[in-house]
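Please examine the model shown below before reading on. The paragraphs that follow move from the whole chain to individual residues.

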Amino acid sequence: MNKEVNKLLLQTIKYDLGSGLLISLVIVLISTFINAGIYMIGMCVSLINFLASGYIVGKFLDKNRAWIIIPTYFIRMAFIIATVFPFLGNIKYVIYYMIGFVSHYVLLIVFRIKENRKGSV
């Protein structure tokens with residue numbers, strides 16, 4: 001992969017883990033440690049999914065092996081489903097997991113907008 005994509009992925013890791021820990025701290029203060037941990041699990045699963053997608057697309061898209069992208073998509077979806085299974089007994093846990101999962105994408109949009117504004121006049 002080229003250096004620009006690697007830089008983007010490393011910045012995403014830094015922003016996600018920093019923001020995720022901060023939000024988890026707030027959740028601990030208003031709720032419980034278990035809820036904050038489940039939120040962080042959702043955030044980490046989403047981040048792993050994003051990084052795997054970025055790596056796979058970057059590695060195989062420019063070669064004649066682009067067909068590999070489709071089966072890995074289903075493997076990534078199976079990973080997401082497998083990680084939510086332990087929480088299915090309690091809807092509150094599923095909600096914290098989903099909030100963590102979705103917040104990765106919200107933070108991704110917010111930080112990309114922030115990065116793009118740095119260079120503008």
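The model is a predicted one. How many of its residues count as buried? Of the 121 residues of the chain, 34% fall into that class. Along the principal axes, the C-alpha atoms fill a box of roughly 45 × 45 × 15 Å.

The average pLDDT of the chain is 86, and 96% of the residues reach a score of at least 70. Among the elements, the lowest mean pLDDT, 86, belongs to helix H1 (residues 3–30), while helix H3 (residues 69–84) has the highest, at 91.

The next topic is the overall fold. The chain contains four helices and zero strands, and from the N terminus on the order of its elements is α-α-α-α. Contacts between residues at least 6 apart in sequence can be sorted by their separation: 70% of them join residues at least 24 apart.

In an unreviewed entry, it places the feature "transmembrane region" at residues 12–30, 36–57, 66–88 and 94–113. Two of these spans may be compared with the model. Residues 66–88, by contrast, are 70% helix and 0% strand, with end C-alpha atoms that lie 35 Å apart.

Is Asp 16 buried or exposed? Asp 16 counts as buried because its relative accessible area is 1%, and the cut-off for buried is under 20%. Leaving aside residues up to four places away in sequence, Asp 16 touches Met 43, Leu 47, His 104 and Leu 107.

Gln 11 is also found in helix H1. Its relative accessible area is 18%, and Gln 11 is therefore classed as buried, since the limit is under 20%. Which residues does Gln 11 touch, not counting residues up to four places away in sequence? The partners of Gln 11 are Arg 112 and Glu 115.

Val 26 is a further residue of helix H1. With a relative accessible area of 43%, Val 26 is partly exposed, because this class lies between the 20% limit for buried and the 50% limit for exposed. Val 26 belongs to a nonpolar patch on the surface, which is formed together with Leu 22, Leu 25, Leu 29 and Ile 30. The accessible area of these residues together is about 550 Å².

Attention may now turn to helix H2 (residues 33–60), where Leu 51 has its place. Leu 51 has a relative accessible area of 23% and so is partly exposed. Apart from residues up to four places away in sequence, Leu 51 touches Leu 9 and Ile 13. A further relation concerns Leu 51 and Ile 69, which are 18 residues apart in sequence. In space, the distance between Leu 51 and Ile 69 is 13 Å, C-alpha to C-alpha.

Definitions and conventions. Residues are numbered from 1 along each chain as its sequence is written. This is a predicted model: local features need pLDDT of at least 70, side-chain atom pairs count only at pLDDT 80 or more; totals for chains, interfaces and linings use all residues. Side-chain values use heavy atoms; hydrogens and water are left out. UniProt positions are given in the numbering used here, feature names are shortened, and annotations may be inferred rather than shown by experiment. Helices (H or I, at least four residues) and strands (E, at least two) are DSSP runs, numbered from the N terminus. pLDDT is the predictor's confidence in each residue, from 0 to 100. Patches are made of residues with over 30% relative accessible area and no salt bridge: like charges are joined within 9 Å, nonpolar side chains (Val, Leu, Ile, Met, Phe, Trp, Tyr) within 5 Å. Accessible areas come from the Shrake-Rupley method with a 1.4 Å probe; for residues, only the protein chains shown count as cover. A salt bridge is a side-chain nitrogen of Lys or Arg within 4 Å of a carboxyl oxygen of Asp or Glu. Buried means under 20% relative accessible area, exposed over 50%, partly exposed in between (1.4 Å probe, protein chains only). Contact means heavy atoms within 4.5 Å.
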